[in-house]
Amino acid sequence: MTVNRRDLLVRGSATAAALAAGSAATTAQAQQPPTQWHHTVDVVVIGSGACGLPAAIVAKEAGSSVIVVEAQPHVGGHARVSGGNMPLGGGTSVQKRYNIADSADLVFQDLTDWSVVQPNGFPDYRYNDREIIRAFADNCTATFEFLREHGVVFVDKPPDRQGGSSVGNSVLRTMHCAPMDWPLIQTGAPATPNQRTTMSTGNGLMQPLDAAARKVGVEYLLEHRMTGIYREEPTAGRVVGVAVDHNGTKLNIRARKAVIIATGGSSGNVNFRRMFDPRLTEEYQQACAPYADQDASGELAAMDVGASLWATAIQTTETGSAITKTRHIGCRWGYATLVYQPESPMFHLAKATGLTVADWQDVIFVNQAGRRFWNEADGSYKFFAAAMAYSGDPGKLNGGGPIWAMKGWPAGVTFDQTITLNTVDEHIEFSPFTRPDWRIEVQDVVEVANCVVVRAHAGGTVTQDEQGRPWNPHGEEIAAEDGTGQ
Ligand SMILES: Cc1cc2nc3c(=O)[nH]c(=O)nc-3n(C[C@H](O)[C@H](O)[C@H](O)COP(=O)(O)OP(=O)(O)OC[C@H]3O[C@@H](n4cnc5c(N)ncnc54)[C@H](O)[C@@H]3O)c2cc1C
């Protein structure tokens with residue numbers, strides 16, 4: 001199989017990074033190839049997410065033997081827990097069915113023309129690598145059809161613009177992956193009969209791709225974490241394989257043809273992301289961690305053998321949901337779509353079902369110093385700038401958070417606890433955005449944050465004991481560090 005850069009972008013996410021021999025830079029970290037290989041295969045794919053699985057299937061169907069190494073004990077990465085909204089256009093069969101005229105050139109233009117502003121207000125052209133976007137545009141339609149041919153069922157309705165960040169705005173493109181009969185990761189059970197063909201879920205993308213990969217004979221090595229990449233010389237010659245760690249055992253996998261890095265990104269690596277935005281200290285979470293890694297291991301391993309990185313600007317684009325105001329509070333992640341029921345295989349990671357904010361006007365956000373810092377209803381990057389600003393603590397110059405969501409419940413949820421506010425009450429500014437009838441007497445901010453960690457449904461009551469300690473649905477107390485509102 002001949003591997004070139006564009007081939008490796010075909011049918012995969014634009015976040016795919018491929019290593020070809022010949023990069024010039026050098027680092028001190030690179031290593032000599034080992035003398036012992038524990039596995040030998042044509043193509044090693046690192047990561048089993050949205051990028052890795054299509055790459056593995058394509059390579060296998062082209063006649064190569066393929067191993068996917070996955071750090072986690074499960075397949076699917078972030079993609080499996082994603083919303084499953086799929087902005088692929090360029091003239092797909094579904095666009096044609098609904099008489100939507102689209103083309104690869106129009107996709108390319110939407111994502112590179114300076115005058116085109118996305119529905120989220122962001123002009124993509126500034127940060128997009130035009131070579132990658134050209135490859136994406138040219139293969140958009142083929143990718144969509146590839147997914148259908150490999151078992152992904154899309155909700156049977158016209159394309160729309162919902163759920164995507166960079167979808168282009170000339171024509172409607174976004175399609176939605178239906179869960180069908182796969183068990184939902186949020187509940188551990190199949191969707192309801194009504195939802196199985198109508199809701200959008202990353203499960204509906206990754207479960208069929210997982211099944212397709214296994215069917216064509218892709219081999220998985222789960223709980224195998226890539227720890228390094230080998231070239232013939234530390235930073236020269238062909239890429240020849242990878243080092244992995246399997247629960248403490250070090251193994252080497254030889255790749256006769258290619259190593260494909262599909263490790264999902266870097267936003268979970270504090271030091272790495274602080275290269276781009278120094279405010280992103282350890283308090284701020286990566287959505288889904290530790291279910292899927294985004295620890296920059298792919299980027300670092302690539303740089304160690306001489307690769308350069310382009311287009312890593314996501315943390316600094318200041319638009320969309322690169323940094324997110326947590327709409328879902330009282331559990332580990334802030335996404336309203338990351339709500340996990342106790343039956344979910346991920347519940348032990350999410351820690352609690354949490355509460356979804358119905359209206360930002362019903363919430364007061366205070367920072368770690370107990371100060372209300374901005375208009376809660378503002379979703380702009382002014383909010384994030386205020387949220388991550390210096391709290392005034394001379395002992396903590398960096399790091400503004402966590403930000404505690406003090407009060408405010410979805411309609412119908414009651415909260416009866418009497419809370420006593422001590423030294424921080426002078427910092428709470430009441431404004432039209434807060435409710436004058438609220439009685440806020442807080443023992444301390446941390447305790448209030450704990451109170452948010454509950455299982456509650458609209459119409460129910462917050463679950464806590466007489467000391468205000470939060471419980472999980474199994475009646476176990478939830479530890480403070482697991483239950484912040486951030
Ligand atoms: C809540 C949520 C909702 C989203 N909704 C949408 C949506 O609706 N539409 C959309 O287009 N995008 C959505 N996204 C974004 C989308 O999920 C990601 O862009 C996509 O999954 C990226 O694919 P990937 O293959 O690069 O990474 P991932 O899908 O995360 O896969 C990377 C895999 O690599 C593994 N890995 C990492 N490091 C190593 C290592 N060293 N060794 C071995 N394995 C490793 C990880 O464990 C993971 O399984 C959403 C994301 C989230 C978190």
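1. Starting with helix α5 (residues 104-112): V107, F108, D110 and L111 are buried there. Buried here means 20 or more other C-beta atoms within 10 Å of the residue's own, with C-beta atoms placed from the backbone. Looking down the axis of α5, those buried residues fall within an arc of 165°, so they line one face of the helix; the arc is that of the directions from the helix axis to the C-beta atoms. They pack against α6 (130-149).

2. Some ground rules: this is a predicted model, where local features need pLDDT of at least 70, side-chain atom pairs count only at pLDDT 80 or more, and totals for chains, interfaces and linings use all residues. Residues are numbered from 1 along each chain as its sequence is written.

3. On to the ligand: 36 residues surround it, and the closest are G47, G49, G77, G83 and G264. The cut-off is a C-beta atom, placed from the backbone, within 6 Å of the molecule. Elements giving two or more residues to this shell are β3 (66-70), α3 (77-81) and β7 (225-233), and α3 has the largest share, with four residues.

4. Domain 1 (5-79 + 212-316) and domain 2 (326-486) both contribute to the shell, so the ligand lies between them. Mind that the domain bounds come from an automatic or database domain assignment.

5. As for the whole protein, I see twelve helices and 13 strands, taken as DSSP runs (helices H or I, at least four residues; strands E, at least two) numbered from the N terminus. Of the 486 residues, 42% are buried.

Conventions:
A residue is buried if 20 or more other C-beta atoms lie within 10 Å of its own, exposed if 12 or fewer, and partly exposed in between; C-beta atoms are placed from the backbone. Two residues are in contact if their C-beta atoms, placed from the backbone, lie within 7 Å.
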